[in-house]
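Notebook open, model loaded. I'm jotting down what I look up as I go.

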Amino acid sequence: MIGSGFNLFDSVDGTLGMVILVLALGPLLVWLVSSLMLTAVVWPWRMVAGKWPVYAYLKDGNEIPGMFRMVKGKKAADSLVRQWAADIERTGRPQPPEAPR
């Protein structure tokens, strides 16, 4: 018979199809909601604590070992990002920050 293929949503008022859909999308929804909730906690905490992470990546997306800094304040983080971006454009790699004196 043409067109009589198996359809998950036709069985028992679509219950089986709905269960499979929930099982398939459940982990994605849990990940999405937890990410949003974590962002709502982490972002204000960074503002209060004043510590901002800065990572350097090459243009091809590979992380550069050792090029991570935790800086005090968002302005300092933005400044370091601009500096490293200029270094990457100019030399292909960010220059390591100067050692504290």
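Entry one: Asp87. I looked up where Asp87 sits in this predicted model, and I found it in helix α2. Is Asp87 buried or exposed? Its relative accessible area is 5%, and the cut-off for buried is under 20%, so Asp87 counts as buried.

Next I checked what Asp87 touches. Leaving out residues up to four places away in sequence, I got Gly92, Arg93, Pro94 and Gln95. I also noted a polar contact of 2.5 Å between the side chains of Asp87 and Arg90.

Entry two: the core. Which residues make up the largest nonpolar core? I listed nine: Trp52, Val54, Ala56, Ile64, Met67, Val71, Ala77, Leu80 and Trp84. The elements giving two or more residues to this core are β1 (51-57), β2 (63-72) and α2 (74-91).

Not counting residues up to four places away in sequence, Leu80 touches Val54, Arg69 and Val71.

A reminder to myself: in soluble globular proteins, nonpolar side chains tend to be buried together.

Val22 lies in helix α1, residues 15-49. Why do I call Val22 exposed? Its relative accessible area is 52%, and exposed means over 50%, so Val22 passes as exposed.

How values were computed
Residues numbered from 1 in each chain as written. Predicted model: local features only at pLDDT ≥ 70, side-chain atom pairs only at ≥ 80, totals over all residues. Heavy atoms only, no water. Core = buried A, V, L, I, M, F, W, Y, C linked by side-chain atoms within 4.5 Å. Buried < 20%, exposed > 50% of the residue type's maximum accessible area, 1.4 Å probe, protein only. Helix = DSSP H or I, 4+ residues; strand = E, 2+ residues; numbered from the N terminus. Contact = heavy atoms within 4.5 Å. Polar contact = N/O pair within 3.5 Å; in protein donor to acceptor, adjacent residues only side chain to side chain.
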